[in-house]
Amino acid sequence: MQKFILLKTNLEYFLWIEDVLKMILGNHSVKEDGDVLQIWFTEGNETEITETLRSLEEDLNTLITFYISSYEDSIEELSLIKPIFLNINHGYYNFKSLLLACKRIDNAKELLDFILNKTGVTEEIILSIAKNDLNASKTSTMLYMHRNTLLYKMERLYQLKSFDLKSFNDVYILIKLIYS
């Protein structure tokens with residue numbers, strides 16, 4: 001599975017960072033897009049990448065903002081995330097933390113479609129689960145849906161996109177996307 005890193009820092013440090021990451025990523029490709037560095041890779045541990053970039057940040061005495069992709073459909077994820085990433089403050093982000101950090105999400109509908117695609121979960125299910133305090137039994141009754149059907153859809157969402165409808169934070173992100 002090919003993943004990517006989006007990285008923002010002083011342009012003068014791009015080559016240093018790329019050289020250091022080469023050691024832990026192995027085979028990779030790099031694309032410089034304005035003041036953002038895109039690094040595509042197939043090998044590499046997210047924790048090791050994060051620790052390395054934070055260490056570089058200290059060694060180079062600069063701020064590094066970076067995002068590590070989360071999903072197999074990386075091309076679509078990149079197109080949805082990049083506009084948000086360009087306007088975000090310093091820090092390390094993954095898909096959920098980036099959405100939590102944003103006050104306004106212009107492409108919320110597209111992001112929600114990306115998350116819910118092929119899961120069977122709808123906006124109605126998300127809003128109902130929130131209304132029922134994350135209780136699947138109450139939600140299934142409210143929606144006139146068999147409880148096991150609802151649980152299957154919830155599990156599918158978790159398996160494909162790591163969004164858990166039993167988690168307040170995950171439901172909050174989805175509701176934020178619905179109302180953006």
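**View 1. Leu100, Phe168 and Tyr172 make a nonpolar surface patch of about 320 Å².** This is a predicted model, in which local features need pLDDT of at least 70 and side-chain atom pairs count only at pLDDT 80 or more, while totals for chains, interfaces and linings use all residues. Residues are numbered from 1 along each chain as its sequence is written, and side-chain values use heavy atoms, leaving out hydrogens and water. A patch takes residues with over 30% relative accessible area and no salt bridge, joining nonpolar side chains (Val, Leu, Ile, Met, Phe, Trp, Tyr) within 5 Å and like charges within 9 Å. A salt bridge here is a side-chain nitrogen of Lys or Arg within 4 Å of a carboxyl oxygen of Asp or Glu. Areas come from the Shrake-Rupley method with a 1.4 Å probe, and for residues only the protein chains shown count as cover. Phe168 sits in helix H9 and is exposed, at 59% relative accessible area (exposed is over 50%, buried under 20%, partly exposed in between).

**View 2. Leu177 is also a helix H9 residue (168–179), but a buried one, at 2% relative accessible area.** Helices (H or I, at least four residues) and strands (E, at least two) are DSSP runs, numbered from the N terminus. Leaving aside residues up to four places away in sequence, Leu177 touches Leu99, Ile105, Ala108, Leu111, Leu112 and Ile115; a contact is heavy atoms within 4.5 Å. Lys109 is 68 residues from Leu177 in sequence, yet their C-alphas are 6.8 Å apart.

**View 3. Here's the largest nonpolar core, with 40 residues.** A core is a set of buried Ala, Val, Leu, Ile, Met, Phe, Trp, Tyr and Cys residues joined through side-chain atoms within 4.5 Å. Tyr67, Phe95, Leu99, Leu111, Ile115, Leu165 and Leu177 touch the most other members. Ile5, Leu7, Leu25 and Ile64 are among the 18 residues of a second, separate core.

**View 4. Strand S4 (residues 65–68) is covered on both faces.** Thr65 and Tyr67 point to one side, Phe66 and Ile68 to the other, and all four are buried. In a regular strand, side chains alternate between the two faces of the sheet. Strand S1 (residues 3–8) runs antiparallel to S4, joined by four bridges, with Ile5 opposite Ile68. Strand S5 (residues 92–93) pairs with S4 in the parallel sense over two bridges, and there Phe66 faces Tyr92. Pairing takes at least two DSSP bridges between the strands.

Conventions: Buried < 20%, exposed > 50% of the residue type's maximum accessible area, 1.4 Å probe, protein only.
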